[in-house]
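Here's a quick tour of a two-part model, written for someone who likes to know the cut-offs. Have the structure open and follow along.

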Amino acid sequence: MAQIEELYNAILKGNRKIVQEQVQAAVAGGMSPQEILFESMVPAIREIGDRFSRGQAFVPEMLIGARAMQAGVQILQPLMDKAGMKSLGKVAIGTVKGDLHDIGKNLVAMMVKSAGYEVIDLGVDVPVEKFEDCVKNSNVDVLMLSALLTTTMPYMKTVVDHLKGQGLKCRILIGGAPVTQAYCNQIGADGYSPDANQALGLVEGFFQKAS
Amino acid sequence: MDNAFYLDLAGKHGGMPVGTDLVLHEQPDPQAVKMDGGRLGAVIVEAASRYRTPVAMPLMDLMLEKRHMLRLLGIPEDQIPTWHFPDVPTAGARARIREGLTAALDPQLQAHVDSISHVARTTSLHAVGMSIGPFSLATKLLGDPITPVYLSGMGMTANDEPDVARLDAVLELAFQTVMRSLEAQIAAGAQSIFIAEPAGNKVFFSPNQLEAGADIFERYVIQWNRRIAERLRAAGVHLLFHCCGELVDPMVQAYGRLGASLISLGSSRDLVHDAGLLPENIVLYGNLPSKKFYSDELISADEVRLQSAGLRSRMRACGHPFILGTECDVLSVPGCEAQLKAKLEAIVNT
């Protein structure tokens, strides 16, 4: 197995057209979707995330890289479905009720999806009933809650209290500008991340433990 | 424009937190107050009195102009907060907005304008208007505003990329809507106008692209705010420019060239450093971390006092005109009102 350098670099640069060309060429050359995804594409998106953590890349680079990657995944998806390839796990994400901010949520969703997980994006202004419905009916392993405002952050506790009270087993991770580890501890959430890259790390950590 | 008013204020005034939302939420019916210019004006006057400032800061509602624009398109009220342009606005939609902007204001925006009028007519306070900045308004009208900015920075144009075309068209409409709001506020007697452009920051604009020479920050943020600044100058109204997002130095310098009387920055900035980036006649305002004020664990009232004294002392030492304040308006958080009020009092009394 080998990394396709042009594909890796095209994701780093966010060049969607070249990503599509490279993926198509790799498929035509007989490489498996799994090999293309996990040898070239996922390492590229992880590299962007690491650059972000080091302050060398910024939100726009992460978004454009994830967008380019998704263009390649769209080509691979039918082949992966045909081969019976399963996602690494199922994650749901939403911005809590009263809060309309979605940049952070979208970024986390794209990073997690790009790393091979199935992501259900519940959108913004999500009430507790919708989170509950999703966890109960979609077999979600990890639920991620986002809030940007101090005025909406307390709703995370409402969601955590309600879902834990129902005895639902999924892990609840929280994030957003005003959120802290102390707040996470205070409301009994299972994890907190200050940025999208670390959020992906939390998800990966959870699934590694679970397996 | 002569900046004597704010320079004088910086010379003699203590802290000046933006606490209008806290006073609003002490009312039994805050939503009804937001629809009534007289009552909203009274809230603004009460906030100025409580925080002992001659500057009457209005409510910072950054949804007003979006609501006004989308009502012109007939978007249902319950969809307005999350509604985005799915495509490049059609010629018909653009014409409908332009035409609508010459007619009456949306009731809530009218109440905002009336509240400024109330302050200007009935008090000797310095009446301040408020609007979201054009780029920040455009970001609220698009599902993904970041990607087209980046693509534009890569050299793609509206002809190459539909996303860029949509951003360009929506930004033009956003500017026209903001100007309509500003004209009404100027006519109502605003002596200063606070332009909140929180999206003009490094989440939306990659510092890597700016460093490589992309002109996206100029094209998408600065040129529109320059036109606003010119209009305000012509009307004899002070520009108070606000961006609480994370910035790199060239962004702060670009804001400094707008000719604002006062610049308000977020707590991620070191104001002593920024003083060196800005002309000496621009008053710096801020920048205590008010987004953490809801929690005593994150910051106590004593720490607010310490930070207030420390920041004031450092700014005095650097000699740049400065007014101590909050990094943004202080939002009322249910259950945390006492903590919030104690911290605003700490600013005023330090």
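## Confidence and ground rules

Chain A comes out with a mean pLDDT of 92, pLDDT being the predictor's confidence in each residue, from 0 to 100. In that chain, 99% of residues reach 70 or more. Chain B has a mean pLDDT of 96, with 100% of its residues at 70 or more. For the model, ipTM is 0.89 and pTM is 0.91. Helices (H or I, at least four residues) and strands (E, at least two) are DSSP runs, numbered from the N terminus.

This is a predicted model, so local features need pLDDT of at least 70 and side-chain atom pairs count only at pLDDT 80 or more, while totals for chains, interfaces and linings use all residues. Residues are numbered from 1 along each chain as its sequence is written, and chains are lettered from A and ligands numbered from 1 in the order in which they are written.

## Helix α1 of chain A

Start with α1(A), residues 5–13. Its buried residues are Leu7(A), Tyr8(A), Ala10(A) and Ile11(A). They sit on the same side of α1(A), because they cover an arc of only 165° around the axis; the arc is that of the directions from the helix axis to the C-beta atoms. Buried here means 20 or more other C-beta atoms within 10 Å of the residue's own, exposed means 12 or fewer, and partly exposed is in between, with C-beta atoms placed from the backbone. The cover over these residues includes α2 (16–28), α3 (33–53) and α4 (59–82) of chain A.

Glu5(A) is also in α1 of chain A, but it counts as exposed, with 10 C-beta neighbours inside 10 Å. Its C-alpha atom is 42 Å from that of Asn185(A), 180 residues away along the chain. Just after α1(A), Gly14(A) has a positive phi of about 75°.

## Two domains in chain A

Chain A splits into domain 1 (5–82) and domain 2 (90–210), with bounds that come from an automatic or database domain assignment. Taken over C-alpha atoms, their centres are 25 Å apart. The contact between them takes 12 residues from domain 1 and 10 residues from domain 2; two residues are in contact if their C-beta atoms, placed from the backbone, lie within 7 Å.

On the side of domain 1 that touches domain 2, α3 and α4 of chain A each supply at least two residues. The largest share, 7 residues, comes from α3(A). By class, that side has 9 nonpolar, 2 polar and 1 charged residues. Ala, Val, Leu, Ile, Met, Phe, Trp, Tyr, Cys and Pro count as nonpolar, Asp, Glu, Lys and Arg as charged, and the others, Gly among them, as polar.

## Where the chains meet

How many residues does the contact take from chain A and from chain B? It takes 18 from chain A and 18 from chain B. On the chain A side, α4(A) gives the largest share, 6 residues. That side divides into 12 nonpolar, 3 polar and 3 charged residues.

Now look at α9(B), residues 146–153. 8 of its 8 residues are buried, so the helix is largely enclosed by the rest of the structure. What covers them includes α4 and α5 (103–114) of chain A, together with α10 (162–187), α11 (207–211) and α12 (216–235) of chain B. After α9(B) comes Gly155(B), with a positive phi near 105°.

## The nonpolar core

A nonpolar core is a set of buried Ala, Val, Leu, Ile, Met, Phe, Trp, Tyr and Cys residues joined through C-beta atoms within 7 Å. The largest one has 185 residues, and Met111(A), Met156(A) and Ile193(B) touch the most other members. α10(B) gives the most to this core, 12 residues. Both domain 1 and domain 2 of chain A give residues to this core, so it lies between them.

Leaving aside neighbours within four places in sequence, the contacts of Met111(A) include Ile45(A), Met62(A), Ala66(A) and Leu200(A).

## A partly exposed arginine

Arg67(B) is in helix α5 (residues 64–72) of chain B. It has 18 C-beta neighbours inside 10 Å, so it counts as partly exposed. Not counting residues up to four places away in sequence, Arg67(B) touches Ile80(B), Asp106(B) and Gln108(B).
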